Structure formats: C-alpha cells, structure tokens
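Have the sequence and the 3D view open as you read.

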Amino acid sequence: MLPVPDGLDGMRVDAGLAKLLGLSRTVVAELAEAGDVLLDGRPAGKSDRLSGGGLLEITLPEPANPVEVVAQPVEGMQILHDDDDIVVISKPVGVAVHPSPGWTGPTVVGGLAAAGLRIATSGAAERQGVVHRLDAGTTGVMVVAKSEHAYTVLKRAFKERTVDKGYHAIVQGHPDPTRGTIDAPIDRHPRHDYKFAVVQGGRPSVTHYEVVEAFRAASLAHIKLETGRTHQIRVHFSALRHPCVGDLTYGADPVLARHLGLSRQWLHAKTLAFAHPADGRWVEFESEYPDDLAKALEILRDESY
C-alpha cells in the first residue's frame, strides 16, 4: 500500500500508475479491469482520477522469473501418507508452503524435494503441486499433489468446497453462543496491508465453530471452514473479540501469550478429509498438536482445576 504522490493528483489511473510504476498504460488498464487496483480500499477503473494522498493497493502480476525452489530438509515435517498421487504432511511452525519473494526460510515444497519426492508440475514453478496453503505460523495437516491428475481433481475439490477441513484453535474468552457460524466477508485491511479484516464488500467467508473445552480465560474450539480465505480463522475470531491466543497481529493479549510460552497463534490444522483423486474413496488424515501448542493447552487445563 502506498500514498498517491501529490504530483499525480487528478491524473487518470492508467496514466498516473504507468508513470509511478514504470509499467505500460495497457498493463495498468488490465490490472484495473481485473480488480487489482484499489484506491482507498475500493476498486479503481482505468479512467478514474487519482487523488493526492489517497492510498493505493496494487496486486502486481506474477514475476517473469519465478522464485527458485531450493531442496532443503525441513526439521519436524512429518509425512503422514504417501502414494502415487498425493503426499500428506504435518507442517511444522515457521515453514512456508512454497517460496515467495522475501521469504528465506524453509518451505514444504523444498522439504519434499529434499526428501526425493516428485510432485506435480502443474501450477506456477515455485508452487507446483500446491492445492491449498497454511500460514507459515500455522501448523498441521495438508496435502500436496504428486500426479497431474491429482492436482486437477484436488484443485477442483477445494474450489467446490468438497474438502472437509478441521481446525483446532484456542481463543481468548468464551464465545457466546458456544456453537455457531461466522459469516463475514474478508479482504485486505484498509490501513495495514500485512493484515486482513472483515470488510464490507470483501470476499464471502464462512467459518463454523463449536467450543469443546472451556478454561478460565480461554476456550478450545473445533472449527470447520466452508471457505478458505487467507487468515480466515484469525480474522473471524478477532472480529468477535475472541482472537486466537498468542495472535498478537490480531489483538491477542501479549501477557497471556508470554504466560503460555507462545510466540505465535494457537491454531492447528487438525484434520483433512477428501475423496482420493485416484478412485474417489473418502480418506481422512489427522495431525497431532506440536509441542508448543500441547504445552500451552496443558497449562490452561492445569490452571482450570
């Protein structure tokens, strides 16, 4: 996100951004038509006028030279299942799913390459085989396609929401009701581009939850995602004023996080179930809590008695 320079005040979006970014007016016009140019949080057309001091958010096209996948062993990454079509893993904390500009840490695709596993070649070069994602700070179960057929089938399954994704989260306080659905649109935060928020006119986002255990200051919730927006669970529970414990980005109490020894959100992709792309049989996979989340949960349970 960047402010509109005063020198561009009153200029058309295509002309002004071409000058600002060094792109052709045609490219800028295509970005605007695709909804990739936001001015003060709203989509801007190519012929709209820029206002000095306004806030621009531009989603640029994929770079011509993709980020290289480096084969690098990933400590703590467990392979839960491996066959000719898919590999299912339990992703540890601090690991991105695929390389991206500015990320220098380990990745799932790099870890699979280091393990000698062949994955599908469909998709952008740096994220081949990737059909869904988890945040670097979120742990748990995920699937990667190994065959081209599996990639096509699983991408469609995630798009059509026929995949059953189950998460566990410890959230601050006690949600009321203890079982419910959060149906609130999500988009980029209007002021902080590293965050997302519930925004009018954002992308439809639906989260189902049920509190399964209550503690003095927090609750363990079982969560099913109907949609899969970036940071969806974190944003939705923050909007309810029950942020994930340890999630300082979205308003969690830093004192409680320190007390529980957490340096990230208590959020874990617990289960994943889908029709196997090879023969359509329903398969289910589960990932155990990593040490930091298990320890925090143990502290909460001990203090509740």
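For sorting residues by class, Ala, Val, Leu, Ile, Met, Phe, Trp, Tyr, Cys and Pro count as nonpolar, Asp, Glu, Lys and Arg as charged, and the others, Gly among them, as polar. What you have is a predicted model, where local features need pLDDT of at least 70, side-chain atom pairs count only at pLDDT 80 or more, and totals for chains, interfaces and linings use all residues. Residues are numbered from 1 along each chain as its sequence is written, and side-chain values use heavy atoms, with hydrogens and water left out.

**Cavity and pocket**

On a 1 Å grid over the protein atoms alone, a cavity is a set of points where a 1.4 Å probe fits but cannot get out; a pocket is an open set with protein on both sides within 12 Å along at least five of seven lines, and lining residues have an atom within 4 Å of a point. Grid points are joined across faces, edges and corners, and a volume is the space filled by probe spheres set on the points.

One cavity of 30 Å³ or more turns up, and the volume of the largest cavity is about 40 Å³. Which residues line the largest cavity? They are H132, V141, K165, G166, Y167, A269, T271 and L272. By class, that lining splits into four nonpolar, three polar and one charged. Strands β8 (164-172) and β14 (267-275) each put in at least two of the lining residues; strands (E, at least two residues) and helices (H or I, at least four) are DSSP runs, numbered from the N terminus.

The second largest pocket holds about 180 Å³ of space. It has 13 lining residues, and G76, S90, K91, P92 and P290 are the closest to its centre. Two or more lining residues come from each of β6 (86-91) and α7 (291-303). The class tally here is four nonpolar, four polar and five charged.

**The annotated site**

An unreviewed UniProt entry has the annotation "active site" on D135. UniProt positions are given in the numbering used here, feature names are shortened, and annotations may be inferred rather than shown by experiment. D135 sits in the loop between α3 (108-114) and β7 (139-145). Beyond its neighbours within four places in sequence, D135 has contacts (heavy atoms within 4.5 Å) with K91, V95, H231, R234 and Q265.

**Aromatic pairs**

Rings of Phe, Tyr and Trp (its six-membered ring) pair if their centres lie within 6.5 Å; planes under 30 degrees apart are stacked, over 60 edge-to-face and the rest tilted.

| Pair | Centre to centre | Angle of planes | Type |
|---|---|---|---|
| Y209 and F237 | 5.5 Å | 70° | edge-to-face |
| W266 and Y289 | 5.1 Å | 70° | edge-to-face |

Y209 belongs to strand β12 (residues 206-214) and F237 to helix α5 (residues 232-239), so the pair links distant parts of the chain, 28 residues apart. Buried means under 20% relative accessible area, exposed over 50%, and partly exposed in between (1.4 Å probe, protein chains only). Y209 is buried at 7%, and F237 is buried at 0%.

W266 lies in the loop between α6 (254-259) and β14, and Y289 in the loop between β15 (282-286) and α7, so this pair ties together parts 23 residues apart in sequence. W266 is buried at 0% relative accessibility, whereas Y289 is partly exposed at 21%.

**Another residue of α5**

Helix α5 also contains Q232. Is Q232 buried or exposed? Q232 is buried, with a relative accessible area of 2%. Setting aside neighbours within four places in sequence, Q232 is in contact with I186, S205, V206, T207, L225 and T227.
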